[in-house]
Amino acid sequence: MRRLLWPVVVLVLLLALNVFFTPSFFSIQVREGHLYGSLIDILRFGAPLILVSLGMTLVIATGGIDLSVGSVVAISGALACLQISEDASVFTAVAAALGLCLVLGAWNGFLVATVGIQPIIATLILMVAGRGLAQLITDGQIITVNSPAYKVIGGGYWLTVPFGIIIVLGVLAITAFLTRRLALGMLIESVGGNAEASRLAGIRARGIIIMVYAFAALCAGVAGLMISSNVSSADGNNAGLWIELDAILAVVIGGTSLSGGRFSLGGTVLGALIIQTLTTTIYSIGVPPETTLLFKALVVTAVCLIQSPSFREKAFRRRGRAAPAGPVAEEKVRVTT
Amino acid sequence: MVTPAPVLTMSGIGKQFPGVKALDGVDLRLLPGEVHALMGENGAGKSTLIKVLTGVHPADAGTIELGGAPVAFGSPLEAQQAGISTVYQEVNLCTNLSVAENIFIGREPRKRGRIDWKRMRARAAELLSRLELSVDVSAPLSTYSLAVQQMVAIARAIDIEARVLILDEPTSSLDADEVEQLFRVMRRLKEEGIAILFVSHFLDQIYEISDRMTILRNGRLVGEYLTDRLPQVELVAKMIGQELAALERLHGEAKVFDRPLVEARELGRPGAIEPFTLTIHEGEVVGLAGLLGSGRTEIARLLFGADHAGTGEIAVGGTPASLRTPRAAMNHKIAFCSENRKADGLIPDLTVRENIILALQATRGWTRPVPREQQDELVGRYVKALKISPPNPEHLVRNLSGGNQQKVVLARWLILEPRLLILDEPTRGIDVGAKTEIQRLVAELSDGGMAVLFISAELEEVLRLSHKVEVLRDRRLVAELPNDDELTTDVLMETIASGGRTS
């Protein structure tokens, strides 16, 4: 598809940059029955972001936004680790954590669809309160667990493939099925594209909106399990910190408009991979740590600019001059910082 | 009596928007101390003319003279400083601020750099007493009714040394007493020599308050008239654009309608439409005639559950029904093609196919997708039957022309096989060919037993298609006329103009 052209180009450029600095970048080996390599690492460490971004895509497609996913990531990991540290089975712990996430997501959806609060405010409530909730669960400490079964979620392997990648593929498949094989995707795009016309066409938007917020929280919950499982501990303060901004960015890079309507799951996955590759690149080409965030911001700005058709038009017309940032691009940059 | 020199003269005003000629050679003159009504249907160019006058849009052609000197305003602020004040339909005040603050916002009286609150309140009270209004000027504006808010807006407008006051539909949200109060104020300002340009859809009000009127139609000037020399029938004819072509009625033989499908009894919604009683039979085409803003769309929206009814009840097929949501109406097989297809009909980002199956999919819920073969079959059939062009179902609907977009919305409802199809202005803004096709389709559908509620600003069209015509005026259903040989556009216009009182 043409609209995925630029994200693909950017990803390829980033990968090429890595190969230039690290010639062995593309090599993938099997060590001790596990796949190893930089590309595998990008997928493995990018898995939580991809999950959160998938949920965010559907929320944004309805014309909303979910700022609370980072806090939900923390809550999910915290509750699971607390349960395990209190000798609950891993299954119970995971079920309890995901159950709580569903409830929290449904709460967001209730505030947006039934009460009618603007999405950015409605989810801001849980973004702030959720951090507190996570700290309540962990009692302000970092809970460390020692459970090989729990460790599998974020750090394990299955048929040589990191388990996190398998989870992402599974969630992606389910999401694609629900939205593209069933009619959910069309109804979401319809509600996001024109809410009043959708109502007059008989679509019950309320249920759909509650569902997508619940789904976004569920995805964030799984990501939270992955993150805490990978380090065998739960940190209410820092787990998933700012991941909502990366996720929003991934969705936008993937070609889904913040104003709602058409969405692209493939684009979102690409967007999340670009962000993760960028993080990896920063380390591998040796950008000084104190300039990391600045470097990331610059690259993201460039990515957003190159995707904007009106900017490309301007840049071609005024070749040779310093490229001024268009208003659209500035808007996007604000999201990243 | 010597006619005083006009305070404002606009001549030969032209304004082009992309794809539309909004104004073409329009003249307007305002005399001091008169209420001048600007008349025309929606889209006739009234708002554009006001916007050109107040500097919102630059004019492409023509000149504006204020007090004899040519002027060209770059912004509403410049116009205001020159003495042209505007009060818009939606009161654009800050309801959270006090009455006095609203009047003096941006130009508060100051004393040594700080706001002189005492003087501000005193002057506000003085201004309002000039409008025969005594309210607590330090109370928040939100504590007062819309009518008072309107007065406050007027007070602010006239305090700026106004020579011309533009009132754009100030009465649309006021009740009768409030309108009377507004008119008292207007007469008072008139005596002070202010020229008032008044826009309203209510003909009675126009005849009560205005001295002179300018009529626009399709962006062109129809003429300037003295209000008491122009009978209402002629006004309506001039606004609509009379065409006395011989009418070919699409319904030949008289049909007998004895099976009521939808019966509304005393159905109404405060502020939108007075309670009305209406029965639609199976296979019957009911036309709604009336000027824009007379309550036609409001009736349609109530029957479809798009708005909640405040009073009355409704029965479908003889049993009482509750139509609280569009979905509930759809379950009773009622369909509604709205007047504003861009805002209320289409999902521009979706394809023709998706837009067509949207309502069907909505009734099935997201878990039971319409199978792709069935989609293609249904969409293909209607794309062909309605001659939707380009005949590519995967085309984005936003790229279609207006007439084809209208057909897409129509197809969306036809695949549901409704028993009552409500069409609100289905032929507006579309070309003649598509118009005839849609008219023929309506006739065919009703022959097949479907009831149709047909709303159109074009009386000829209503007459051609309808079995009976409901006449609306000022948000009231004033008459029900069987469509027999005696019914002509003249009779209809007469009924609209007189409000059904004489006939």
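This is a predicted model: local features need pLDDT of at least 70, side-chain atom pairs count only at pLDDT 80 or more; totals for chains, interfaces and linings use all residues.

The buried residues of α7(A) are Phe163(A), Gly164(A), Ile167(A), Val168(A), Val171(A), Thr175(A) and Thr179(A). Viewed down the axis of α7(A), these buried residues fall within an arc of 140°, so they line one face of the helix. The helix itself has 19 residues and reaches 26 Å from its first C-alpha to its last, which is close to the 27 Å expected at 1.5 Å a residue.

Two packed helices are described by the angle between their axes and the distance between the axes. For α7 (residues 163-181) and α8 (residues 184-193) of chain A, the axes come within 4 Å and cross at roughly 70°, and that angle makes α7(A) roughly perpendicular to α8(A). Where the two helices meet, α7(A) contributes Leu178(A), Thr179(A) and Arg180(A), while α8(A) contributes Leu184(A), Gly185(A) and Ile188(A); by class, the residues of this contact are 3 nonpolar, 2 polar and 1 charged.

The next step leads from chain A to chain B. Their contact takes 20 residues from chain A and 24 residues from chain B. On the side of chain A that touches chain B, α8 and α9 (195-200) of chain A each supply at least two residues, and α8(A) gives the most, with 6 residues. That side of chain A has 9 nonpolar, 6 polar and 5 charged residues.

Key:
Residues are numbered from 1 along each chain as its sequence is written. Chains are lettered from A and ligands numbered from 1 in the order in which they are written. Axes are lines fitted to C-alpha atoms, for helices over the stretch in contact, and angles run from 0 to 180 degrees between N-to-C directions. Angles under 35 degrees count as roughly parallel, over 145 as roughly antiparallel, 65 to 115 as roughly perpendicular and the rest as oblique. Two residues are in contact if their C-beta atoms, placed from the backbone, lie within 7 Å. Ala, Val, Leu, Ile, Met, Phe, Trp, Tyr, Cys and Pro count as nonpolar, Asp, Glu, Lys and Arg as charged, and the others, Gly among them, as polar. The expected span of a helix is 1.5 Å times one less than its number of residues. A residue is buried if 20 or more other C-beta atoms lie within 10 Å of its own, exposed if 12 or fewer, and partly exposed in between; C-beta atoms are placed from the backbone. The arc is that of the directions from the helix axis to the C-beta atoms.
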